[in-house]
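Subject: Structure handover and notes

Dear colleague,

I am passing on the structure below, together with my notes on what was found in it. Please read the notes with the model open beside you.

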Amino acid sequence: MTVEERGRELVITRLPVEQMGILALGLALEREEKQVLEALLSGRKVRVLESGLEYKQYKKTAPMGVFQKFVALERELREMGVCVIRDRHW
């Protein structure tokens with residue numbers, strides 16, 4: 001995971017599938033995951049670049065069930081307060 005501080009915002013520029021699942025569970029196994037969870041808990045804005053969501057690279061090759069699992073994880077992150085933004089807004 002690659003995270004950048006932007007004022008009071010935290011921007012995730014790269015989110016691998018493994019860390020996406022961990023964050024969606026509210027867990028923090030690495031420093032970056034802890035940084036994201038602490039930001040959310042403290043009311044800071046957390047954004048993730050849409051192009052940084054690794055699972056989207058596998059849309060054409062992953063079985064539909066697997067891909068849909070990651071779509072659901074993205075939805076859970078959104079419900080936790082993570083905003084997915086398009087690169088042109090970055």
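Two strands are said to pair if DSSP finds at least two bridges between them, and the strands themselves (E, at least two residues) are, like the helices (H or I, at least four residues), DSSP runs numbered from the N terminus. In that sense, Arg 6 stands opposite Glu 9 in E2.

Before going further, please keep in mind that this is a predicted model, in which local features need pLDDT of at least 70 and side-chain atom pairs count only at pLDDT 80 or more, while totals for chains, interfaces and linings use all residues. Residues are numbered from 1 along each chain as its sequence is written, and side-chain values use heavy atoms, with hydrogens and water left out.

The sheet

The strands form an open sheet of 4 strands in the order E1-E2-E3-E4, with mixed pairing. At its edges are strand E1 (2-6) and strand E4 (82-85), each of which pairs on one side only, and the twist averages 30 degrees from one strand to the next.

Going through the sheet pair by pair, E1 and E2 run antiparallel and are joined by 5 bridges. These two strands form a hairpin with 2 residues between them, and Gly 7 in the turn has a positive phi of about 65 degrees. E2 and E3, in contrast, run parallel and are joined by 3 bridges, with Ile 12 standing opposite Val 48 in E3. E3 and E4 also run parallel, with 4 bridges between them, and here Leu 49 stands opposite Ile 85 in E4.

The helices

Two packed helices are described by the angle between their axes and the distance between the axes. The axes are lines fitted to C-alpha atoms, for helices over the stretch in contact, and the angles run from 0 to 180 degrees between N-to-C directions. Helix H1 (residues 17-24) and H2 pack at an angle of about 40 degrees, with their axes 11 Å apart. That angle makes H1 oblique to H2, given that angles under 35 degrees count as roughly parallel, over 145 as roughly antiparallel, 65 to 115 as roughly perpendicular and the rest as oblique. The contact (heavy atoms within 4.5 Å) is made by Gln 19, Ile 22 and Leu 23 of H1 and by Glu 33, Val 36 and Leu 37 of H2.

H1 also packs with helix H3 (residues 64-80), where the axes come within 9 Å and cross at roughly 50 degrees, and H1 and H3 are therefore oblique to each other. On the H1 side of this meeting are Val 17, Met 20, Gly 21, Leu 23 and Ala 24, and on the H3 side Phe 70, Leu 73, Glu 74, Glu 76, Leu 77 and Met 80.

Met 20 deserves a paragraph of its own. This residue of helix H1 is buried, with a relative accessible area of 0%, where buried means under 20%, exposed over 50% and partly exposed in between (1.4 Å probe, protein chains only). Leaving aside its neighbours within four places in sequence, Met 20 is in contact with Leu 15, Leu 53, Tyr 55, Phe 70, Leu 73, Glu 74 and Leu 77. As for Leu 53, it is 33 residues from Met 20 in sequence and 8.3 Å away in space, C-alpha to C-alpha.

The salt bridges

The structure holds 9 salt bridges, each being a side-chain nitrogen of Lys or Arg within 4 Å of a carboxyl oxygen of Asp or Glu. One of them joins the side chains of Glu 9 and Arg 47 (3.1 Å, N to O), and this pair links distant parts of the chain, with Glu 9 in strand E2 (residues 9-14) and Arg 47 in strand E3 (residues 46-49), 38 residues apart. Glu 9 counts as partly exposed at 23% relative accessibility, whereas Arg 47 counts as buried at 18%.

Another salt bridge is formed by the side chains of Glu 38 and Lys 34 (3.8 Å, N to O); both residues lie in helix H2 (residues 31-41), 4 residues apart, about one turn of the helix. Glu 38 is partly exposed at 44% relative accessible area, and Lys 34 is partly exposed at 47%.

Finally, the side chains of Lys 56 and Glu 50 meet in a salt bridge (3.7 Å, N to O), and these two residues belong to a network of salt bridges that links Glu 50, Lys 56, Glu 74, Arg 78 and Arg 86.
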